[in-house]
Amino acid sequence: MLGAKLGPNGEENGSGRRAGIGVECCVVDQNLEKRDRGEKRDVVAYAFRYLDQWKAAQISSDSSWPILMAADVSEQWTPPNGISVKINVDAAMFNDGRSFGLGMVARNSDGLLIAGRMKYTAVQVEVAVAEAIGIREVLSWLKENRWPQVYIETDSLCVVQAIHSSTDMISLFGSVIQDCKTLLASLNNVVVSFVKRSANVVAHKFARAARLYPDCTCSLETIPTELLSCLVADYFTQLFTVAADDHWALSHILSTIPTTITYDHNAYLLQDFSKDDVLMALKSMGGDKSLGLDGMFAMFYQHNWDIVGSLVIEVVLEVLNNGANPAAFNKTLITLIPKIKKPKTMKDFRPISLCNVVYKLVSKCIVVLLKNVLHHVISETQSAFLPHRLITDNVLVAFEMIHSLKHRRRGSKGYAALKLDMSKAFDRVEWSCVAIKRALDIYHRASGQLLNEDKSVMSFSPNTLEHVQHSLSNILDLLQRDFSCVDVPNILKIPLSFSTTTDLWIWNNTTSGEYTVQSGYHFACSLENQHRATSSTSEQSWWKAFWGLNLPSKVRIFAWRVIQHSIPVAAALFQRKIITSVACSLCSNAWESIGHAMFSCKHAKTVWRHSNFSYDYQAASRMKEGDFLMYLLNIHTKSDMEKIICTMWSIWSDRNNIIHNKSPQQPAAIYAKSLAYLNNFQQVTSTDSAPPINSHVAAHQQWRSPPCGQLKMNVDVAVDTSHNRTGFGAIVRDSNGLGVAAISKSIAGNIKSHEMEAKALCHGLQWARNLQLQISFVETDSVMVVNSITGLASKNLDFKD
């Protein structure tokens, strides 16, 4: 009755009214417990507000959200570029309707598993809510890792739309989406996008397995066998999936190939196959080749042709001459053959297809037919696929060519030989030689074959100038020889400089370009996390909580030394042969370990009795490597833990005073002073001190016109990380706000934002100089660029040129 009276737009019929009724029922059900406190009209208003918000999220057409276009949605999983990481996430609802599983799979540019997570949740929610929770779990997971660039993919379109929508939704789904937005705002270089289910298969398998492996984190070494098989299948699926045809590239390549097949040849190839062709193909097959899924050798058909021959011929000719669908017998068993003795990655395996005999007969008939015209098509220098041609012939030719190249020392013209190996997998890079890059790129787009950098080599004659060799070497990414795999993609992203500058060492983990102990420590921790075989987050979360305690620096360092077993108790000094007794310096009747000095010594116990904390002193005395402190941190609040550690520091300080013949304090005074010291410190640190504002940096405000007769130029950039390009824009306006000139340009390169801002500013100034514009004011939203120009930043900045 309620829905019949009120529709979203006053209508009585149609889909809008049905949607209104559905949402009203949902909201009324959620607000049954509030019916005594609110009016029915409030519930109805809330219902339609909720519906409007949901519709707004569904029809959002934000121009900055291009991935919703159907042409851009991935059909198959594709690896990320360079050192980026791609995480696929999916949710699986189980049949009981009261639980769901989440699957998260992180892979690198080689398609190799970095880490996988499965989480089982016994809560009844809608599918969209479960998918949103999966995104939230991934974002929380990212805060524990330090991956430089992360792409998150999900097959839930509504979740992706809601995350990129500015509309706030009042619901459980909206609450989870808001959590995702908050986490995204706290992370750098994270992109959430939509893919089709076919590109998210592995994540779905992980989600289905969450019931068997709840709350499980695995690596490539510890992944369950059933999940490893789907990873392997997905890797080779994306490797051998045919990409969309690039008709321009294909026609461009075909236009350069001479026509060698005549009309007579074409007529010969188009003639129907006969029974004799099928029998000839069968006789040319090896009788004991590896079995396919049919479990039959070719030998069986050869020996029993008088029985099965007519039926086989009928099937084969129906496919060859009439275009029948061979799906009934073209299923193939794929086995992996290692290329090297100790394979470590999927690239080290070669997939071999074990086909059924009938399918082999179809392909064999086509091969035999093509063999008669193949010598007209394949170049004379091609040493494979043709009888009476050996690959060793080309080996001899290559040897003679390289020999001649290496001994060519005279003449002003240098020579280079380029050996290219085409395969199905390589990382695309930005090359400096445009002509060769364009040729190889067009060939790749037309044929689908990719350059294998690991097997490609460039050689030069000795008389080739050194700078020419260096320029051409970048084509094949020979930087791999001199730099680590982590640095090479970053080097290739750097755009060329306007001027020649002296090289210098830059530390890439600080904005100033200068090394600090803190940045080195964090970088070492990130490397340790990347190479760790098993991912256990409990220790990391404990240390994160420990360093998050609001304590004075010397107290914090003291606690760290307690955990590291590096404070000079009697047991430690005795072990280093500094003293001759391990007895406690105060009670003289026990082994003075750290746990004893901090808790079980009579001096420490009298202090703890004045506190509100109670301990198992026997367990505390056996503390090793801070395990008792870890236990305390798990059972106490952050505030209590701060009091405990500060009290331990006071006990240790008083203990040292007694040893050095200073007057001891009363136990109550020790505890009271520790709390007072902690309280005073926290009061001081809680006072928010506003950071100094640089006079060159303007606060958030509207654009202001320059004085009369002067010009102002505004410059900004936008980075496209997926294509390693940066968009640069500049506009010059006069005192009336009218545009005098503007430029929009794409620049090759994808580096740090402040570096690209500096690059854009340089382009803008050069452009204005070419137009002979007298610019009086230049504005940019990069504080670091402004500070570096005005001399307030470090002189060692990585973009100072």
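Mentor: Let us start with a definition: a polar contact is a pair of N or O atoms within 3.5 Å, where within protein one must be able to donate a hydrogen and the other to accept it, and residues adjacent in sequence count only if both atoms are side-chain atoms. This is a predicted model, in which local features need pLDDT of at least 70 and side-chain atom pairs count only at pLDDT 80 or more, while totals for chains, interfaces and linings use all residues. Residues are numbered from 1 along each chain as its sequence is written, and side-chain values use heavy atoms, with hydrogens and water left out.

Trainee: What does the side chain of Asp734 reach at 2.9 Å?
Mentor: The backbone nitrogen of Leu738. The side chain of Asp734 also reaches the backbone nitrogen of Asn736, at 3.0 Å.

Trainee: Where is Asp734 found?
Mentor: Asp734 sits in the loop between strand E14 (725-733) and strand E15 (739-748). Strands (E, at least two residues) and helices (H or I, at least four) are DSSP runs, numbered from the N terminus.

Trainee: Why is His565 called partly exposed?
Mentor: Buried means under 20% relative accessible area, exposed over 50%, and partly exposed in between (1.4 Å probe, protein chains only). His565 has 35% relative accessibility, so it counts as partly exposed. His565 lies in the loop between helix H22 (553-563) and helix H23 (570-575), and its phi is positive, about 60 degrees, although it is not a glycine.

Trainee: What makes Asn661 exposed?
Mentor: Its relative accessible area is 74%, so Asn661 is exposed. Asn661 belongs to the loop between helix H28 (638-659) and helix H29 (667-686); it too is not a glycine, yet has a positive phi of about 65 degrees.

Trainee: How do you know that the span of helix H30 agrees with its 18 residues?
Mentor: The expected span of a helix is 1.5 Å times one less than its number of residues. Helix H30 (residues 753-770) should therefore span 26 Å, and its end C-alpha atoms are 26 Å apart, which agrees. The buried residues of H30 include His754, Trp767 and Ala768, and H30 is followed by Gln772, whose phi is positive, near 60 degrees.
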